[in-house]
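Dear colleague,

Please find the structure below. My notes on what was found in it follow.

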Amino acid sequence: MKALKLFVQFLLFLLLFSLHKAVSEGVTPEEAKQLRDEVREMFYHAFDGYMEHAFPLDELRPLSCEGEDTLGGYALTLIDSLDTLALLGDQERFTASVEWIGKNLRFDINKTVSIFETTIRVLGGLLSAHLIASDYATGMRIPSYDNQLLYLAEDLARRLLPAFDTPTGIPFGSVNLKYGVNEHESKITSTAGGGTLTLEFGVLSRLTNDPIFEEVTKNAVRGLWARRSKLNLVGAHVNVFTGEWTQKDAGIGTSIDSFYEYLLKAYLLFGDEEYLFIFQEAYSAAMHYLFNDPWYVEVNMDSAAIVWPLFNSLQAFWPGLQVLAGDIDPAIRTHTAFFSVWKRYGFTPEGFNLATLSVQHGQKSYPLRPELIESTYWLYKATRDPRYLDAGRDMVASLQYGARCPCGYCHISDVEFHKREDHMESFFLAETVKYLWLLFDLAVGPDNLVENGPYKYIFSTEGHLIPATPQISLLREHCAYFGAYCDRVDFKGEPHASDMSADSQETNGSRISEGRVRTGFPLHSSYLEASALSGLIKGLCPGLTHGQRYGISYLASVDTPHEDISSKQKDTVVQSHAVIVVSDQSGNQSLSGDSNNDSVKESTKSEPESDPSQS
């Protein structure tokens with residue numbers, strides 16, 4: 001009997017071992033190839049559904065197989081899909097689409113459109129496709145192409161310029177493409193709406209040799225940053241005439257998210273160090289005041305008091321941004337927490353309350369957002385950890401079984417009951433399936449424009465491909481605009497009330513380097529590969545703050561006494577996180593995946609209003 005018991009225990013051990021081995025192996029190369037092909041089929045199921053049932057209207061209604069105009073009535077989904085077609089190597093459809101747009105698209109129409117959405121979806125889509133179609137090196141050059149998309153992009157951007165005519169330089173949220181800004185247009189805009197325009201407008205300036213586009217968007221960023229609080233935090237909504245914050249909730253999600261994203265990406269693409277300095281200060285403050293490891297909360301921008309312990313789905317881009325910034329460890333922990341919400345419901349709801357650990361009332365939908373998938377791709381690219389392929393496989397399964405509709409993919413109106421809604425945002429084709437396809441193609445052995453093409457690419461916030469060509473980018477020309485060579489190891493910045501501390505410390509569970517600017521530039525390799533740069537870094541002496549360098553200081557709020565800052569908060573002296581270098585990262589890093597955060601117990605306030613659709 002004892003021998004039988006031992007034998008059963010041995011068999012159980014073998015079973016558990018085999019199961020563990022199967023799980024630890026995760027997605028095999030063959031399965032990754034199958035998943036890549038499945039994602040490709042997902043794209044064409046949705047794209048063909050749009051072209052057959054909705055084109056030339058803006059977006060598809062995938063349940064009823066009809067179309068609808070949602071932004072401006074100019075074939076939005078087709079424009080947003082152009083560089084995905086090129087990425088998939090579909091020369092025939094890419095060519096046909098570019099030619100149709102060049103012949104038929106016009107912006108001289110009486111339509112009032114969102115500056116933010118029109119810039120990231122339409123302007124970005126046109127510029128990305130132009131850069132691919134006009135360059136033999138991409139392998140997708142169209143022989144008959146004669147810059148038609150560039151002319152359209154310039155025409156569109158000029159129609160958006162009247163929105164920037166404000167006392168602060170921060171643009172209105174909307175503009176009429178034919179008549180300019182309406183006299184009754186709201187003077188309130190979001191931080192993301194005013195601060196997420198630099199890539200597209202900057203690229204256009206460099207392609208047309210007209211600096212106006214880059215200047216107005218950089219002024220908008222300066223206008224927002226000049227109004228930051230003493231804690232280096234920005235609010236969610238601002239009056240573009242007075243510069244007063246109308247919503248002072250600071251966070252990394254809704255209404256603010258891509259402001260942070262474009263600070264770093266504008267530096268990476270253009271080499272403009274002003275964006276880097278703003279990013280360093282803004283990122284340090286975000287990690288100090290918003291990071292409740294592994295989650296992020298919303299706080300009052302003046303006092304740092306927690307006002308909203310909520311994970312909202314737009315926060316999920318943050319781990320991917322941290323990969324680009326080189327802060328991998330907190331990115332891994334946060335992605336694990338965010339993905340635990342996806343696994344719980346099959347999708348990420350728009351809002352998940354960290355105090356009640358439940359879906360936030362009124363924020364139960366999943367509109368096919370790409371942000372968590374985007375971060376999954378970047379983390380896999382940085383670490384090659386197979387857990388991210390497993391996550392991608394789960395995401396594909398959720399979309400296939402929960403969101404697939406007769407003519408495309410449906411919004412999920414309630415993640416708890418997987419109710420479907422008859423709408424498909426254009427960003428599903430521009431981003432969601434793009435990042436999934438890139439994830440699995442990377443696992444197979446990449447053979448695509450991004451990984452093997454002639455340039456390094458920056459992804460816009462809409463997932464559009466922007467190549468770091470010599471004409472556009474200063475990535476290889478980090479000139480010493482403000483100083484000579486600075487010793488990366490020995491130089492330490494002076495303490496400043498809104499700057500860095502020179503002492504090593506732990507901030508909300510995230511390890512921070514010892515006040516040094518760890519700023520190595522991966523100029524000759526992927527941003528995500530390990531860098532062994534050391535010694536002298538050109539042009540980035542960190543002795544001065546951004547405000548001291550550029551004369552842009554914060555404009556102190558007149559109505560909030562800073563002496564009321566909660567005693568629970570750490571010193572207002574914030575230490576800088578290391579950015580722009582990926583140090584040696586192991587694909588076998590271990591972490592605790594506990595998604596319950598007991599430290600977030602503050603009571604919530606009333607639910608903030610949702611922004612218009614932001615991707």
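Apart from its neighbours within four places in sequence, His130 is in contact (heavy atoms within 4.5 Å) with Tyr145, Asn147, Leu149, Leu150 and Leu207. His130 belongs to helix 5, residues 115–133. Helices (H or I, at least four residues) and strands (E, at least two) are DSSP runs, numbered from the N terminus. With a relative accessible area of 4%, His130 is buried. Here buried means under 20% relative accessible area, exposed over 50%, and partly exposed in between, with a 1.4 Å probe and protein chains only.

Before you read on: this is a predicted model, in which local features need pLDDT of at least 70 and side-chain atom pairs count only at pLDDT 80 or more, while totals for chains, interfaces and linings use all residues. Residues are numbered from 1 along each chain as its sequence is written, and side-chain values use heavy atoms, with hydrogens and water left out.

Another buried residue is Leu290, at 0% relative accessibility. Leu290 sits in the loop between helix 11 (273–289) and strand 9 (291–292). Neighbours within four places in sequence aside, the contacts of Leu290 include Ala250, Gly251, Ile252, Tyr260 and Trp295. Asn300 is ten residues from Leu290 along the chain, and their C-alpha atoms are 9.9 Å apart.

Helix 3 covers residues 76–87, and twelve of its twelve residues are buried. Among them are Leu76, Asp80, Asp83 and Leu87. Just after helix 3 comes Gly89, which has a positive phi of about 75°.

Next, the salt bridges. A salt bridge is a side-chain nitrogen of Lys or Arg within 4 Å of a carboxyl oxygen of Asp or Glu. The whole structure has 29 salt bridges. One of them pairs Arg222 with Glu274, with 2.9 Å between the closest N and O atoms. Arg222 is in helix 9 (residues 212–225) and Glu274 in helix 11, so this pair ties together parts 52 residues apart in sequence. Arg222 is partly exposed, at a relative accessible area of 28%, whereas Glu274 is buried at 2% relative accessibility.

Glu416 and Lys364 form another salt bridge, their closest N and O atoms being 3.6 Å apart. Glu416 lies in the loop between strand 18 (411–414) and strand 19 (419–421), and Lys364 in the loop between strand 15 (358–359) and helix 14 (371–383), so parts 52 residues apart in sequence are tied together. Glu416 is partly exposed at 39% relative accessibility, and Lys364 is partly exposed at 28%.

Within helix 15 (residues 387–403), Arg393 and Asp390 are three residues apart, which is about one helical turn. Their side chains meet in a salt bridge of 3.2 Å, N to O. Salt bridges with shared partners also join Lys33, Arg36, Asp37 and Asp441 into one network.

Last, the disulfides. How many disulfides are there? The count is two, a disulfide being a pair of cysteine sulfur atoms within 2.5 Å. Cys65 is joined to Cys407, S to S 1.8 Å. Cys65 lies in the loop between strand 1 (59–61) and strand 2 (66–68) and Cys407 in the loop between strand 16 (404–405) and strand 17 (408–409), so this link ties together parts 342 residues apart in sequence. The link of Cys65 and Cys407 is right-handed, with 85° about the S-S bond. Cys405 is joined to Cys410, also by a disulfide, with S to S 1.8 Å. The torsion about the S-S bond of Cys405 and Cys410 is about -135°, so that disulfide is left-handed. Cys405 and Cys410 are both buried.

Regards
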